[in-house]
Amino acid sequence: MQRTYKTPAGTGGHARSMDNEPIRFDTKIAVLLRADLEPWQRLNVTSFLVSGLGTQVPEVIGDPYEDADGVPYLPMFRQPVMVFEATKETLTTAHTRALSRALPRAIFTSDLFATGNDRDNRAAVRAVPTAQLDLVGLAVHGPKNAVDKVVKGARMHP
């Protein structure tokens, strides 16, 4: 029987199988958001960031879903996504750490709030040197200990 994984409230981010057994993942998906974002921006940035990981790290994607009537649904991540918030400085440090560890990553800069399409988004990022990116979000995937070091100093998103 295939297990379905869910991270219920109050479990501290530890996934449990349908028979309530803890699921241990060797890797972690983390999204780090700048703390001064508006609620709609937090949701928008998170959505864009995790879509990048799913395209480049196929092992994070589970199998497609199907309901009892046979209606198919798209697959989703097979493990929890941990969402953190931090100051601009902590986000910049996390970005540097992710780069130094060569972890798969996605970024969202403040400039992207003013663009309206993917081409302009890429051009906005390309126009700014790495050290000067005005980051508002970062998503990373990798070994748990490496990701934990990247997000050190951030706190779980409330």
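## Contacts of Lys-28

In this predicted model, Lys-28 touches Gln-79, Met-82, Val-140, His-141, Gly-142, Lys-144, Val-147 and Asp-148, leaving aside residues up to four places away in sequence. Lys-28 belongs to strand β1, which covers residues 27-34, and Met-82, one of the residues it touches, is 54 residues apart from it along the chain, with 7.8 Å between the two C-alpha atoms.

The side chain of Lys-28 also makes a polar contact with the side chain of Asp-148, at 2.4 Å. Lys-28 counts as buried because its relative accessibility is 17%, and the cut-off for that class is under 20%.

## Aromatic cluster

A search of the whole structure finds three aromatic pairs. Phe-48 and Phe-108 form a tilted pair, with 5.8 Å centre to centre and 55 degrees between the planes; this pair links distant parts of the chain, since Phe-48 sits in helix α1 (residues 39-56) and Phe-108 in strand β5 (residues 105-109), 60 residues apart. Phe-48 is partly exposed, with a relative accessible area of 45%, whereas Phe-108 is buried at 4% relative accessibility.

Phe-108 also forms a tilted pair with Phe-113, at 5.2 Å centre to centre and with 50 degrees between the planes, and Phe-113 counts as partly exposed at 27% relative accessibility. Through ring pairs, Trp-40, Phe-48, Phe-108 and Phe-113 are linked into a cluster.

## Nonpolar surface patch

Tyr-65, Val-71, Tyr-73 and Met-76 make a nonpolar surface patch of about 370 Å². Of these residues, Val-71 lies in the loop between β2 (65-66) and β3 (72-73), and at 37% relative accessibility Val-71 counts as partly exposed.

Terms used. Residues are numbered from 1 along each chain as its sequence is written. This is a predicted model: local features need pLDDT of at least 70, side-chain atom pairs count only at pLDDT 80 or more; totals for chains, interfaces and linings use all residues. Side-chain values use heavy atoms; hydrogens and water are left out. Helices (H or I, at least four residues) and strands (E, at least two) are DSSP runs, numbered from the N terminus. Buried means under 20% relative accessible area, exposed over 50%, partly exposed in between (1.4 Å probe, protein chains only). Contact means heavy atoms within 4.5 Å. A polar contact is a pair of N or O atoms within 3.5 Å; within protein, one must be able to donate a hydrogen and the other to accept it, and residues adjacent in sequence count only if both atoms are side-chain atoms. Patches are made of residues with over 30% relative accessible area and no salt bridge: like charges are joined within 9 Å, nonpolar side chains (Val, Leu, Ile, Met, Phe, Trp, Tyr) within 5 Å. Accessible areas come from the Shrake-Rupley method with a 1.4 Å probe; for residues, only the protein chains shown count as cover. A salt bridge is a side-chain nitrogen of Lys or Arg within 4 Å of a carboxyl oxygen of Asp or Glu. Rings of Phe, Tyr and Trp (its six-membered ring) pair if their centres lie within 6.5 Å; planes under 30 degrees apart count as stacked, over 60 as edge-to-face and the rest as tilted.
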